[in-house]
Amino acid sequence: MSIVVTGATGALGRLVVEELLNRVPAERVAVVVRSKEKAADLAERGVEVRVADYDAPETLAAAFRSGDRVLLISGNEVGRRVPQHTAVIEAAQAAGVAQLAYTGILGGPEADFDLAAEHKVTEEAILGSGLPYTFLRNGWYHENYTHHLPTVLEHGAVVGSAGEGRIASAARADYAAAAAAVLTGEGHLNQVYELSGDTAWSLAEYAAEIAAQSGKEVAYTEVPADAHLSILTGAGVPEGFAAILVDVDAAISRGRLAHTGGDLSRLIGRPTTPVAHAITSALA
């Protein structure tokens, strides 16, 4: 039996693998990746590398073994994730895995924004498979925002259309630690976890924290949704994805990403990383 991480060379996947290697011997960990070369460093550390592609279902037949504990990290190609995830679920079902954990989105069936649609379909497919499951409904990552700090500092503005809505984000590493906990621990089968940060913040507060830490003038600029869309597309964001981001801001304004139920901190056994710490790291 192995603990198997799909999409293991991605940003979240690599963090999950590192967390697993801190908890179990490398020979118990396997990764499913598209490129063997990108996982060469993991192979050198004793991790088993299984090459397969979400878009090539026939390659997934050998990706899983009976009794494996599997983490399905959601694909990053919005609009293509349902067939990709379905292929993984069917392969896992055929292999008879012991656990299929899935990184969905905060709110699950109650999430009423566009980005949640494929996650909801995936959860339904997992339930229909009859496999023992764990739903890790991830909230927002700090990195979704701190990745853009250079642009924010250049313009002196955090721009959005989220109003006074609050975001209970956490560090990507926090979510990775939670995934490792459910893959290595007991009592997590057929459980649902709503994962989010301990504290929710507004974009105005985020801008103020950047200003305080950087010593530069930074403020939150609220714009209408259509203007927000134009700003994003003007910055080179593809129109379809820009529309999704604007829709997420609308969801934030409705409180959909403000949940602070504490599941994440309970799973990882410590408080979640404050957004202020993420800003400090990004500014370093």
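**Close-ups of a predicted model**

**View 1. Gly 104 and the residues it touches.** Leaving out neighbours within four places in sequence, Gly 104 is in contact with His 119, Leu 136, Arg 137 and Asn 138; contact here means heavy atoms within 4.5 Å. This is a predicted model, so local features need pLDDT of at least 70 and side-chain atom pairs count only at pLDDT 80 or more, while totals for chains, interfaces and linings use all residues. Residues are numbered from 1 along each chain as its sequence is written, and side-chain values use heavy atoms, with hydrogens and water left out. Gly 104 is found in strand S5; helices (H or I, at least four residues) and strands (E, at least two) are DSSP runs, numbered from the N terminus. Is Gly 104 buried or exposed? With 8% relative accessibility, Gly 104 counts as buried. The cut-offs are under 20% relative accessible area for buried, over 50% for exposed, and partly exposed in between (1.4 Å probe, protein chains only). Look at Arg 137 too: its C-alpha atom is 4.4 Å from that of Gly 104, although the two are 33 residues apart along the chain.

**View 2. Thr 103 and Asn 138, a pair of buried residues.** Thr 103 sits in strand S5, which covers residues 99-105, and Asn 138 sits in strand S6, residues 133-138. Thr 103 counts as buried at 4% relative accessibility, and Asn 138 counts as buried at 6%. How far apart are their C-alpha atoms? The separation is 6.3 Å, for two residues 35 apart along the chain. Setting aside neighbours within four places in sequence, Thr 103 is in contact with Leu 12, Leu 71, Leu 72, Ile 73, Ser 74, His 119, Leu 136 and Asn 138.

**View 3. The largest nonpolar core.** A nonpolar core is a set of buried Ala, Val, Leu, Ile, Met, Phe, Trp, Tyr and Cys residues joined through side-chain atoms within 4.5 Å. The largest one here has 35 residues, and those with the most contacts inside it are Val 5, Val 16, Leu 20, Leu 71, Leu 136, Leu 183 and Leu 195. At least two core residues come from each of S1 (3-6), H1 (11-21), S2 (29-33), H7 (172-184), S9 (191-195) and H11 (263-268). Helix H7 gives the largest share, eight residues. Another core, of 28 residues, lies apart from this one, with Leu 106, Leu 115, Ala 207 and Leu 257 among its members.

**View 4. Zooming in on Val 5.** Which residues does Val 5 touch, once neighbours within four places in sequence are left out? They are Gly 13, Val 16, Val 17, Leu 20, Ala 30, Val 31, Val 32, Leu 71 and Ile 73.

**View 5. Asn 190, in a loop with a positive phi.** Asn 190 is in the loop between H7 and S9. Its phi is near 60°, a positive value in a residue other than glycine. Most residues other than glycine have a negative phi. Asn 190 is partly exposed, with a relative accessible area of 42%.

**View 6. His 148, between two helices.** His 148 lies in the loop between helix H5 (143-146) and helix H6 (149-155). Its relative accessible area is 43%, so His 148 is partly exposed. From His 148 to Val 158, 10 residues along the chain, the C-alpha atoms are separated by 9.3 Å.

**View 7. Ser 66, out on a loop.** Find Ser 66 in the loop between strand S3 (48-51) and strand S4 (69-72). Ser 66 counts as exposed, at 58% relative accessibility. Beyond its neighbours within four places in sequence, Ser 66 is in contact with Ala 95 and Gly 96. Met 1 is 65 residues from Ser 66 in sequence, yet 7.2 Å away in space, C-alpha to C-alpha.

**View 8. Stepping back to the whole protein.** In total there are 12 helices and 11 strands. The radius of gyration (taken over C-alpha atoms) is 19 Å, close to the 19 Å that the globule rule gives for 284 residues, so the protein is as compact as a globular protein of that length. That rule is 2.2 Å times the number of residues to the power 0.38. Of the 284 residues, 50% count as buried. Among contacts with a separation of 6 or more, 76% join residues 24 or more positions apart.
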